[in-house]
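Please look over this note before you set up any work on the assembly. It goes point by point.

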Amino acid sequence: MLSVRDLTVSLGPETAPVDIVAGVSFELGKGEILGLVGESGCGKSMTSLAVMGLLPQPGPRIRAGRVLLEGCDVTQLQPWQRVVAGHGRMAMIFQEPMTSLNPVRRIGDQIAEAVRVHDRLSGPPAIDRARELLEQVRMPDPAMQLSAYPHQLSGGQRQRVMIAIALACRPQVLIADEPTTALDVTIQVQVLGLLRELCNRLDMAMLFITHDMGVIAQLADRVSVMYAGRIVETAGVEALFGRPRHHYTRGLMDCMPSRNSGARRLPTIAGQPPAPGTVGAGCVFASRCAAVRETCRTAAPPRAEVSQGHDVLCAFPLDGGEPR
Amino acid sequence: MSRDGAILWLKPFIARPIALLGLGILLGTILAATFAPWLAPYDPYAIDPSIRLTPPNALHWFGTDQFGRDTLSRVIHSARMALLIGSGVVMFALATGVPIGVLSALFPRLGHLLMRMVDVLMAFPSLLLALGLIVVLGPSVANAILAIGLGYMTTTTRIVYGLTLRLRMETYVEASRSMGAGTAWLIGKHILPNLVSPLLVQASFVFAFAQLGAASLDFLGLGAPPEIPSWGNMLAESRTFITRAPWLLFFPGMMIVATAFSLNLVGDALRDRLDPRFRQLFSEKG
Amino acid sequence: MWSYALKRAGTTAVTLLAASIIIFAFIHIVPGDPIYVLLGDTATPDQIDALRHQLGLDQPIILQYLTWIGHVLEGNLGRSIFFQAPVLSVIADGAETSALLATMTMIWVTLIGVPIGMIAAVRHGTWLDQGLSGAAMLMASIPTFWVGLYLILIFAAWLGWFPSSGYPSIFEGGLVNLRYLVLPSLALAAPNAALILRLTRASMLDVSREDYVRTARAKGIRPWQVVVRHILRNALLAVVSAFGFTFAALLSEAVVTETVFALPGIGRLVVQSILRRDYPVIQGVILVIVVVYLLINLIVDLSYRLLDPRVELQ
């Protein structure tokens, strides 16, 4: 369905590029939910914008790698160019529902605009379709909300509108960039449930980006962990949470509060991720890794498949041992 | 200022060649004003009816006016008036705008009253305000500075007020206040140092627009006395000769444009390196 | 909306009241007693006292202010010393020229400033953008009267396309008389168009960085549709609010332009009245301009609110 291969996004001049996303690869199958998890600044949002063809201009650019949607190369194409080329079935929802809708245009218009492009409808049928989409995202009183302005809706309702706009693109792949981070916890649960249900019902694949391991554990089928612009580990959700192989993933798990952690102080990973452009030849995690060895600092670690469908970017991965 | 500090300030100009041009013109004007008696080839007041209205030539590069005075010499000497008016207006605007703005932001009750008064003054278009003041005070260089400066006092006050309000909200200022820092300490330590860069931007724009305001007053005969050479006065005296001697008005006018343009360029370059939170206080109106 | 409009109208009234005090004070601080201006140097003390009493100048200052503001509210702005006519009718004579000049200038400003600002913003960062922005800054740095003089030289004296000065009423000579205002309005438009250009560009760039523009692009609509439907309207909201400011700048800059082109407008009236020491006219014109300026700002502000649906909740 969606295949991303060696995607490299860079800033700075052509002669001395600084890679903020370096050789990211992943596959997304029909109806599958892939979680992309990492600290803020690790390049996960850049990855999603690059995949969607929405990198801000002037700014970062795709220096290498390919994005294939159903086998068709859409790498350097913006969304409208993809629509023209007949590969427009990818959509995205964003982190900030408060600012992601145009404040001076009605909800109905904003949804119908996407309907017109993707369904080639216009006039009343487009509005009908917009209402139908609002029903699909469980918006209370959809017919009324068509003529509402964004400021009249709550945060959760706005995010539902954003999802409706995305669905108007009839996506095979939906990219969700921290869609629930800005919402209250109860609303968060509802929106996650809605996304899960829509993926099942519409057989839609989703790339779900978050820094929240808890959300990933509930929602994703597979998980990729990103660190300093690289994917350091990819595995099925159970394998990853049960037997993390990368030292960084393991560190993240240890930082998660659990029910029996009580008042105990949570552990942290010492140090800071390297700034883009300061990464040397060795492993990007070497400076913070508890099990670092001499070769880690000088040689790039290999990508090893430690078991079926479980990749890790580490020269000395944790042994699986007993499941946690 | 240390060498690094100087480089930091020059950075926006190096990044933008056109801003460097602005800095160059400004420097040229300052040099012309300082060394006018040595740079000017003739006495700017010397009248010679035999060479009235000569077009530019090898002896008189910018030609001569209706009294046979050398235009180039007069243009060079006029740079003094331009700098005097410009810096005078800037100093007046800052000397009034900064205290009023800072105090208004720190003492909300007083501030409310003062800012309402600023609003009232802003209801008068700036040139009209200047004209009214000239009527009351009479035309002179000092009064021109005051009359033009009053219009920029209001905008400067507004900007300083906005900046100070924002600074007051900053966590470190709040923290300093909560630890019992006095108002004077607050102003000296936290507020004034942060106002320096934005005020430099404001000063550039005020200087630029003061040139245009002064030229207008001179042109109307309500600015500097006619016997003092200034670009505006030169335009006012020669305007009736425009069809017979079009070059007469060209050079003084170009000097006004060049000075205002260069200050605008400098202000623009400085604004771009301001803290983005402060930048929005400078609308595109200068 | 209505409560906002009322509140906004209230502040305007208060500002106007305060401004009227300043304008009233003006005539009392001008050098020389206005009585001498009226009667000349040869007046006897008796004549002076009589006039002083007749004008109410021997009454307490507050009473004088109340009398004056009462007259103003009745439309009586006093008598011009020079014209020996009511100030209001003297101002009304210049109003046609000034209103048409301002309108024509605003048309140029809109036609030049907004589209070119849009082009600069859409081509952001290219040489075209830098050229246009630089040109705008240059235009904002040019004195209007200087441009005016060269426009007269080129288009009136040399080419003879337009008249160089004066303005006969369109009610007497028909709409062709508008050609008298072409050069003055162009001169006056140059710096103001430059300001609107820079403002349009800046606010379009601000809006284009908004999240909702990214949402619009994600929908797959074409770039020009993104510009027209999502960036332009939101950016122009900011530009609309600058129109009041521009109009104000225009009222005062017209003072110089009308002098250069010898237009019988309010601006030239101010300058001539200053030179003639016709204080009642100066006072009246300043009052009228301030009222017009405040009213325009009020209208602009309210229409801005009307265009922006977000205010319903505020």
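The points below cover the model, the chains and their annotations.

1. **Ground rules.** This is a predicted model, in which local features need pLDDT of at least 70, side-chain atom pairs count only at pLDDT 80 or more, and totals for chains, interfaces and linings use all residues. Residues are numbered from 1 along each chain as its sequence is written, chains are lettered from A and ligands numbered from 1 in the order in which they are written, and side-chain values use heavy atoms, with hydrogens and water left out.

2. **Confidence in chain B.** pLDDT is the predictor's confidence in each residue, from 0 to 100. Chain B has a mean pLDDT of 85. In chain B, 92% of residues reach 70 or more. Among its elements, helix 4 (residues 71–106) of chain B has the highest mean, 92. Helix 1 (residues 3–15) of chain B has the lowest, 65. Where pLDDT is low, the predicted coordinates should not be read in detail.

3. **Which chains touch.** Contact means heavy atoms within 4.5 Å. There are 2 pairs of chains that touch, and chains B and C make the most contacts. Chain A and chain B do not touch. Their nearest C-alpha atoms are 15 Å apart.

4. **Fold of chain B.** Chain B has 12 helices and 0 strands. Helices (H or I, at least four residues) and strands (E, at least two) are DSSP runs, numbered from the N terminus. The C-alpha trace spans about 75 × 45 × 30 Å along the principal axes of chain B. Take the contacts in chain B with a separation of 6 or more: 71% come from residues 24 or more positions apart.

5. **Fold of chain C.** Chain C has 13 helices and 0 strands. Its C-alpha atoms fill a box of roughly 85 × 60 × 35 Å along the principal axes. Of the contacts in chain C between residues at least 6 apart in sequence, 73% join residues at least 24 apart.

6. **Burial and surface.** Buried means under 20% relative accessible area, exposed over 50%, and partly exposed in between (1.4 Å probe, protein chains only). In chain B, 55% of the 286 residues count as buried. In chain C, the figure is 50% of 314 residues. Areas come from the Shrake-Rupley method with a 1.4 Å probe; for residues, only the protein chains shown count as cover. Chain B exposes about 12400 Å², with 70% from carbon and sulfur atoms. Chain C has about 14600 Å², with 67% from carbon and sulfur atoms.

7. **Charges.** Lys and Arg count as positive, Asp and Glu as negative; His and the chain ends are not counted. Each charge is placed at NZ of Lys, CZ of Arg, CG of Asp or CD of Glu. Chain B carries 21 positive and 15 negative side chains, and the centres of the two sets lie 8 Å apart. Chain C carries 20 positive and 19 negative, with centres 18 Å apart.

8. UniProt positions are in the numbering used here, feature names are shortened, and annotations may be inferred rather than shown by experiment. An unreviewed UniProt entry places "domain: ABC transmembrane type-1" at residues 79–267 of chain B. That span is 84% helix and 0% strand, and its end C-alpha atoms are 20 Å apart. UniProt also lists "transmembrane region" (unreviewed entry) at several spans of chain B, including 118–138 and 199–225. Residues 118–138 of chain B are 81% helix, with end C-alpha atoms 24 Å apart. Residues 199–225 of chain B are 78% helix, with ends 31 Å apart by C-alpha.

9. UniProt (unreviewed entry) assigns "domain: ABC transporter" to residues 2–253 of chain A. The span is 39% helix and 26% strand. Its end C-alpha atoms lie 28 Å apart.
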